[in-house]
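Please look at the sequence and the model side by side before reading on, and keep both in view.

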Amino acid sequence: MKTLLHIDSSPRKKQSYSRMLSKLFRDKWLKECPAYQLNYRDLNATAPPHVDLPWIDAAFTPKTDRSIQQRQALELSDFFVDEFLAADVYLLGVPMYNFGMPSVLKAYVDNIVRVGRTFLFDPDAAQPYTPLVEDKEMFVVIMTGDSGYRKGERFASMNHLEPHIRTAFGFIGVKEITFIYSGNDEFGGVKLEDSLEQAKEKIDSIFHSKKSLNGA
Ligand SMILES: Cc1cc2nc3c(=O)[nH]c(=O)nc-3n(C[C@H](O)[C@H](O)[C@H](O)COP(=O)(O)O)c2cc1C
């Protein structure tokens with residue numbers, strides 16, 4: 001069986017629109033692609049640790065030389081990396097916070113973009129960085145308080161979330177990333193409803209145009 005790894009990062013639960021839309025996407029995926037099983041990760045329930053000095057010392061010590069304490073410092077990071085590598089397709093639910101990602105997702109990125117695990121580094125090679133994640137696809141639902149953060153729109157230059165996700169996950173080899181935007185949470189009413197409707201239409205269009213989803 002293949003695995004869809006669904007990761008939510010909003011601290012809100014029932015009121016969260018990124019959770020609501022990512023769940024909609026996930027339910028469609030599991031219905032359309034019976035070859036997939038779900039692995040769900042709520043980053044607010046199992047918070048990745050912030051990178052600290054023991055973590056750095058451990059991550060940059062060769063695996064075979066690590067002390068028990070260093071192995072313990074990387075335990076959760078190893079758990080998240082193993083889980084990430086075991087999945088075939090990724091789905092992220094992400095609220096925009098101050099034009100970027102929420103800190104739990106940043107901590108997650110810091111824990112899984114790891115030398116020797118998701119990329120290789122050889123300072124003497126012509127191409128020093130080798131991504132280790134291959135043939136995987138990612139979908140990202142972004143929810144914002146305002147709107148207009150997509151390419152060509154009025155706040156596009158303030159959107160540091162999409163470029164960061166593209167760069168960080170692209171660096172370890174996830175190149176095929178599709179973004180689904182919704183917004184206007186801060187306005188509510190018809191503006192919010194219209195934006196949620198557009199996101200749902202975008203999700204529908206993804207499923208219409210990709211009937212052969214990743215070999216499913
Ligand atoms: C700390 C914080 C920072 C935020 N920063 C932004 C922002 O930069 N741009 C924006 O449009 N909305 C911003 N918002 C609004 C959220 O993106 C919006 O409420 C969104 O619906 C949150 O996603 P959720 O419904 O999944 O929790 C911010 C909200 C919080 C709590």
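The report below describes the ligand, its surroundings and the recorded annotations.

## How to read the model

This is a predicted model, in which local features need pLDDT of at least 70, side-chain atom pairs count only at pLDDT 80 or more, and totals for chains, interfaces and linings use all residues. Residues are numbered from 1 along each chain as its sequence is written, and side-chain values use heavy atoms, with hydrogens and water left out.

## Around the ligand

The ligand is surrounded by 18 residues (those with a heavy atom within 4 Å of it), and the closest are S10, R12, S16, S18 and D185. By class, this shell holds 7 nonpolar, 7 polar and 4 charged residues, where Ala, Val, Leu, Ile, Met, Phe, Trp, Tyr, Cys and Pro count as nonpolar, Asp, Glu, Lys and Arg as charged, and the others, Gly among them, as polar.

## Backbone contacts

A backbone N or O atom of G145 lies 2.9 Å from a nitrogen atom of the ligand, while a backbone N or O atom of D146 lies 3.0 Å from an oxygen atom of the ligand. The ligand, taken alone, exposes 630 Å², of which the protein buries 79% (areas by the Shrake-Rupley method with a 1.4 Å probe).

## Recorded annotations

In an unreviewed entry, UniProt lists S10, S16, Y17, S18, M96, Y97, N98 and F99 as "binding site", although such annotations may be inferred rather than shown by experiment. M96 is found in the loop between β3 (89-95) and α5 (103-112), with helices (H or I, at least four residues) and strands (E, at least two) taken as DSSP runs numbered from the N terminus.

The unreviewed UniProt entry also places the feature "domain: Flavodoxin-like fold" at residues 2-205; this span is 39% helix and 20% strand, and its end C-alpha atoms lie 23 Å apart.

Definitions and conventions:
Polar contact = N/O pair within 3.5 Å; in protein donor to acceptor, adjacent residues only side chain to side chain.
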